[in-house]
Amino acid sequence: MAATTRILEWLGRLYVGLLLAFLYLPIIIMALMSFNASPFYQLPMEWTTDWYVALSRNGQLIAATWNSLGIAVATTLISTVLGTMASLALFRHDFRGKRLLEALLFPPIAIPWLITGTAMLIFFFAVGIGRGLHAILLGHVALALPYVVVVVSARLRTFAPELEEAARSLGANQWQVTMRVTLPWIMPGVIAGALFAFAVSFDQFVVSYFLSTPGRDTLPVEIYAAIRKGFTPEINAVSTIIIAVSMALMLLTARFFKFGGER
């Protein structure tokens with residue numbers, strides 16, 4: 001029995017190790033290749049930072065990166081505010097069609113983005129919005145909003161309504177109840193929803209591809225165009241920088257909001 005337990009434990013660790021290797025090994029190799037002097041990834045490696053210098057002179061990639069960052073930040077702010085407000089409304093009020101509205105939050109998450117991007121392109125041209133960064137922002141907000149509502153609503157399910165009633169009985173108005181009682185409780189859900197919104201927006205390719213215009217691309221669209229013309233290690237460099245910054249932000253967020261508990 002003890003031998004069987006040890007074997008199962010070893011197999012479990014092996015499975016987790018292989019899973020982590022499958023997830024992170026390609027990222028590690030890409031980061032290493034961004035420091036390889038050879039544009040054809042010849043081995044052994046010759047360490048260099050030339051590709052980062054070349055990246056600093058690549059105006060198209062830098063402009064696309066700033067476009068993606070600006071749209072992702074705007075999408076995060078808009079989606080988080082609107083999604084949190086919608087979650088509070090769904091939590092506090094019962095009205096006709098509430099269940100249907102909650103059910104309609106999930107199809108935008110499940111529908112393939114190819115279909116969503118095509119539908120947005122047709123709709124935006126039909127109503128006169130057209131294409132461009134403004135259209136991409138609207139499309140990204142529409143994609144990210146359901147994620148925020150679902151995540152914040154899940155956090156609200158652990159909230160005791162009696163706390164709000166107690167605050168009101170002590171003389172707090174609705175704004176004070178929301179800001180001092182409800183919002184601090186659901187803040188981990190709000191932050192998680194904001195991170196989802198940022199990730200959905202910054203990583204979005206399909207909708208951005210349909211709604212972008214020449215010279216006003218986002219980073220995923222620009223990378224796709226660069227790969228079609230001929231892959232260069234500059235893409236490895238910008239990807240490595242983005243991954244490093246994203247991981248740092250995730251670790252800081254997890255640290256200060258204690259998503260893993262008090263430890």
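User: Which helix gives the largest share of the lining of the largest pocket?
Analyst: Helix 12 does, with 11 residues. This is a predicted model, in which local features need pLDDT of at least 70 and side-chain atom pairs count only at pLDDT 80 or more, while totals for chains, interfaces and linings use all residues. Residues are numbered from 1 along each chain as its sequence is written, and side-chain values use heavy atoms, with hydrogens and water left out.

User: What do you mean by a helix and by a pocket?
Analyst: Helices are DSSP runs of H or I with at least four residues, numbered from the N terminus. On a 1 Å grid over the protein atoms alone, a pocket is an open set of points where a 1.4 Å probe fits, with protein on both sides within 12 Å along at least five of seven lines; its lining residues have an atom within 4 Å of a point.

User: How much space lies in the largest pocket?
Analyst: The largest pocket holds about 1200 Å³, a volume being the space filled by probe spheres set on the grid points, which are joined across faces, edges and corners.

User: Which residues lie nearest its centre?
Analyst: Of the 34 lining residues, Phe198, Phe202, Ile242, Ile243 and Ser246 lie nearest the centre of the largest pocket. Two or more lining residues come from each of helix 1 (2–33), helix 3, helix 9 (174–202), helix 11 and helix 12.

User: What is the make-up of that lining by class?
Analyst: The lining of the largest pocket has 28 nonpolar, 5 polar and 1 charged residues. Here Ala, Val, Leu, Ile, Met, Phe, Trp, Tyr, Cys and Pro count as nonpolar, Asp, Glu, Lys and Arg as charged, and the others, Gly among them, as polar.

User: And what is the volume of the second largest pocket?
Analyst: The second largest pocket has about 280 Å³. It is lined by 14 residues, and Leu90, Glu102, Ser153, Ala154 and Arg157 are the closest to its centre. Helix 3, helix 4 (98–103) and helix 7 each give two or more residues to this lining, with helix 7 giving the most, 5 residues. By class, the lining of the second largest pocket has 8 nonpolar, 2 polar and 4 charged residues.

User: Let us change topic. How many residues has the largest nonpolar core?
Analyst: It has 12 residues, including Tyr52, Leu55, Phe202, Leu219, Ile235 and Val238. A nonpolar core is a set of buried Ala, Val, Leu, Ile, Met, Phe, Trp, Tyr and Cys residues joined through side-chain atoms within 4.5 Å. A second, separate core of 11 residues includes Ile71, Phe124, Ile136 and Leu143.

User: Why does valine 238 count as buried?
Analyst: Valine 238 counts as buried because its relative accessibility is 5%. Buried means under 20% relative accessible area, exposed means over 50%, and partly exposed is in between (1.4 Å probe, protein chains only). Valine 238 is found in helix 12.

User: What does valine 238 touch?
Analyst: Not counting residues up to four places away in sequence, valine 238 touches Leu55, Thr65 and Leu219, contact being heavy atoms within 4.5 Å. With residues up to four places away in sequence again not counted, isoleucine 235 touches Ile223, Ala226 and Ile227.

User: Is histidine 140 buried or exposed?
Analyst: Histidine 140 is buried, with a relative accessible area of 1%. It is in helix 7 (residues 133–156). Leaving aside neighbours within four places in sequence, histidine 140 is in contact with Ile71, Thr75, Ser201, Gln204, Val207 and Ser208.

User: What about leucine 138, where does it lie?
Analyst: Leucine 138 lies in helix 7. Leucine 138 is partly exposed, with a relative accessible area of 42%. Residues up to four places away in sequence aside, leucine 138 touches Phe124 and Ile129.

User: Finally, where is serine 56 placed?
Analyst: Serine 56 is in helix 2. The C-alpha atoms of serine 56 and glutamate 234 are separated by 9.2 Å, although the two residues are 178 residues apart along the chain.
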